[in-house]
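Student: Could you take me through one part of this protein up close? I'd like to see what surrounds it and what it touches.

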Amino acid sequence: RARIADVTLPAARLPSWSPNGQKIAFLTDWLEPEANTNTTKFPALIGRAFTMNADGGNVQPMFRTAGREGTKETPLGCLRTNTCSDSGLDALDILLTNLAWSTDGATLAATVCVRTRWYNNDKSTGDAACHLSTHNVATPNNPLPVVGFTKLIDQATDASWGPNGH
């Protein structure tokens, strides 16, 4: 085991080698908004995808998702019952759970999962709907675009490519 990069990002996870071994794609989870100054709201979790050279250099953002922050109930602690004057709003987390390189290394397929989450998890379901999107590696978008569901299907997890590039 050898450290190849110190990246000033939240924990990098699910590294994936490009087919030619020259690049590594990886994911991070992020809070949105990053700086939450409103105590009545709580941030969503989003996913961000990056690539870097195999030696750890040239870290490049590829794409990110976008979420919707949640709003806490009022008065705080009324546990979202009929005693609340406002029952709040779940955060909408949109996370990346998988990246897969195409056989030619030109495209990354991403599994994008959407779920709702309550700030203290007492009312969260944990249910998620997952879809696929694809992203061109040679021309990453800058600034990072919001991932849309470009390949709408009922549900999908753990994307992979076939030998024929499909």
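**A hairpin and its neighbours**

Tutor: Let's start at the hairpin: strand 7 and strand 8 form it with 5 residues between them, and G105 in the turn has a positive phi of about 75°. Keep in mind that this is a predicted model, where local features need pLDDT of at least 70, side-chain atom pairs count only at pLDDT 80 or more, and totals for chains, interfaces and linings use all residues. Residues are numbered from 1 along each chain as its sequence is written, and side-chain values use heavy atoms, leaving out hydrogens and water.

Strands here are DSSP runs of E, at least two residues, numbered from the N terminus. Strand 7 (residues 91-101) pairs with strand 8 in the antiparallel sense over 10 bridges; pairing takes at least two DSSP bridges between the strands. In that pairing, A91 stands opposite R117. Strand 8 also pairs with strand 9 (residues 128-136), again antiparallel, over 9 bridges, and there V114 sits opposite A129.

Strand 8 (residues 107-117) has 8 of its 11 residues buried, so the rest of the structure largely encloses it. Buried means under 20% relative accessible area, with a 1.4 Å probe and protein chains only.

Now zoom in on D93, in strand 7. D93 is buried too, at a relative accessible area of 0%. Beyond its neighbours within four places in sequence, D93 is in contact (heavy atoms within 4.5 Å) with residues including A44, C113 and V114. The D93 side chain reaches the backbone nitrogen of L45 at 2.8 Å, and a polar contact of 2.6 Å joins the side chains of D93 and R117. A polar contact is a pair of N or O atoms within 3.5 Å; within protein, one must be able to donate a hydrogen and the other to accept it, and residues adjacent in sequence count only if both atoms are side-chain atoms.

Terms used
Buried < 20%, exposed > 50% of the residue type's maximum accessible area, 1.4 Å probe, protein only. Helix = DSSP H or I, 4+ residues; strand = E, 2+ residues; numbered from the N terminus.
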